[in-house]
Amino acid sequence: TGMFTFDPGFTSTASCESQITYIDGDEGILLYRGYPIEQLAEHGDFLETCYLLLEGKLPTAQEKSDFDYRVTRHTMVHEQLLRFFHGFRRDAHPMSIMVASVGALSAFYHDSTDINDPKQRMIASMRMIAKVPTLAALAYKYHVGQPFVYPQNDLDYTSNFLQMCFAVPCEEYKVNPVLSRALDRIFILHADHEQNASTSTVRLAGSSGANPFACIAAGIACLWGPAHGGANEAALKMLEEIGTVDRIPEFIARAKDKNDPFRLMGFGHRVYKNYDPRAKIMQKTTHEVLNELGIKDDPLLEVAMELERIALSDEYFIEKKLYPNIDFYSGITLKAMGFPTAMFTVLFALARTTGWIAQWKEMIEDPAQKIGRPRQLYTGAPRRDYVNINQR
Ligand code: CMC
């Protein structure tokens with residue numbers, strides 16, 4: 001009925017043209033600006049990926065050092081913003097703190113919110129890439145009840161983040177370069193993924209001309225859900241619940257049961273109908289991190305690998321083309337690094353901030369840009385007359 005195409009969940013609607021990220025879900029291919037994710041993850045660093053996503057090309061050595069310097073200069077957050085944190089209950093989920101504190105940036109940086117000025121757009125972008133890790137570390141420190149640690153600008157982006165999370169005043173802390181490199185790679189894997197729910201949210205929010213910091217907060221809110229970024233937290237909880245290899249068949253049976261809402265978290269993807277290329281790199285990174293930390297025979301890893309093996313040879317999963325996605329192994333890795341489960345989606349948000357900004361910027365710069373305004377198929381009551389309250 002009606003003049004509009006009905007496409008719930010937008011499974012067949014392109015909402016924009018974009019030159020940023022390419023996915024071939026049948027082949028399991030992911031390219032940022034044409035470069036394969038495998039090559040970027042192996043050879044580059046996260047800030048290089050940020051530059052690439054924002055600028056459309058790999059930086060020269062000079063451009064890279066200028067970019068790193070500019071991001072580094074913006075790592076502090078306004079001192080008054082720190083006070084916001086103390087208003088939260090101790091048991092607040094760090095994602096709720098992120099939604100609020102990134103949204104609160106909009107109240108502080110009025111000099112970078114003229115979205116029609118390319119210079120201001122760039123400063124707002126730098127500020128977000130630089131400050132989101134600081135806010136994420138503050139959310140972590142608040143969560144565990146430790147004193148806040150200020151950024152240290154002679155450290156690289158990811159080492160600085162690890163230091164802000166794990167340094168404590170009472171003892172010396174030195175960032176482990178293997179872990180820092182692994183986390184940096186995890187950030188690269190999460191940096192962008194074309195028009196997923198949170199990115200579409202950022203574009204839709206931004207299409208009205210809204211404040212850029214507020215638009216990113218909207219993206220964080222959307223990412224939180226367990227069908228999206230919240231899946232890494234849900235996947236680890238599921239592995240813990242399964243606990244031992246002998247209980248896997250029970251959970252596989254539940255996942256296949258139409259009458260049971262249970263799903264294997266970290267499995268399946270709207271676009272990938274093949275192995276998620278990010279999941280492959282993530283699995284390798286998991287082994288590297290556990291090796292470095294001397295963790296042998298991690299029971300969760302054992303459950304994860306066996307679950308993957310069984311699922312990949314099960315008819316239900318084969319027929320529906322359900323493969324492990326990026327969130328399947330990331331939880332084990334992040335847990336081994338020392339992050340509590342509640343921080344997993346925050347780390348996803350930190351990395352995805354860059355993709356959101358690149359997509360927001362591309363949209364603002366697109367001459368065909370219009371306010372996003374989907375239509376609907378109305379299925380409600382037909383016209384009827386108002387009835388006085390005492391006559392109903
Ligand atoms: N376990 C069991 N069955 C599943 C699963 C799963 N994880 N995922 C999909 N299915 C089944 C589903 O029941 C449906 O069966 P049927 O056709 O008989 O009704 C079929 O596969 C298609 O599923 P869908 O929900 O229609 O597919 P979708 O494209 O709307 O959903 C998804 C994609 C990622 C939301 C879904 O696969 C899912 O819920 N996975 C678990 C959560 C998860 O790992 N999310 C992370 C996604 S990757 C990172 C990110 O986006 O943030």
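Predicted model: local features only at pLDDT ≥ 70, side-chain atom pairs only at ≥ 80, totals over all residues.
Colleague: Into which domains is the protein divided, and how many Å separate their centres?
Modeller: The division gives domain 1 (18–225 + 351–365) and domain 2 (231–337). Taken over C-alpha atoms, the centres of domain 1 and domain 2 are separated by 26 Å.

Colleague: Which element gives the largest share of the side of domain 1 that touches domain 2?
Modeller: In domain 1, 17 residues are in contact with 18 residues of domain 2. At least two residues of the touching side of domain 1 come from each of β2 (29–32), α1 (37–43) and α8 (177–190). The largest share, 7 residues, is that of α8.

Colleague: Is valine 99 buried or exposed?
Modeller: Valine 99 lies in helix α5 (residues 94–104). Leaving aside neighbours within four places in sequence, valine 99 is in contact with Ala217, Ile220 and Ala221. The cut-off for burial is 20 or more other C-beta atoms within 10 Å. Valine 99 has 21 C-beta neighbours inside 10 Å, so it counts as buried.

Colleague: Which residues does isoleucine 216 contact, leaving aside its neighbours within four places in sequence?
Modeller: Leaving aside neighbours within four places in sequence, its contacts are Val102, Met128, Val202, Thr353, Trp356 and Ile357.

Colleague: How are α9 and α10 oriented to each other?
Modeller: Helix α9 (residues 197–206) packs on helix α10 (residues 212–223) with axes 8 Å apart, and the crossing angle is about 150°. Residues that meet include Val202 and Ala205 in α9, and Ile216 and Gly219 in α10. Angles over 145 degrees count as roughly antiparallel. The orientation of α9 and α10 is therefore roughly antiparallel.

Colleague: What is the handedness of the crossing of α11 and α17?
Modeller: Helix α11 (residues 231–242) and helix α17 (residues 344–365) pack at about 150°, their axes being 7 Å apart. Asn232, Glu233 and Leu236 in α11 meet Phe344, Thr345 and Phe348 in α17. These two helices are therefore roughly antiparallel. Their crossing is right-handed.

Key:
Residues numbered from 1 in each chain as written. Contact = placed C-beta atoms within 7 Å. Axes fitted to C-alpha atoms, helices over the stretch in contact; angles between N-to-C directions. Helix = DSSP H or I, 4+ residues; strand = E, 2+ residues; numbered from the N terminus. Parallel < 35°, antiparallel > 145°, perpendicular 65-115°, else oblique. Buried ≥ 20, exposed ≤ 12 C-beta atoms within 10 Å, placed from the backbone. Left-handed = near helix turned anticlockwise from the far one by under 90°. Domains from an automatic or database assignment.
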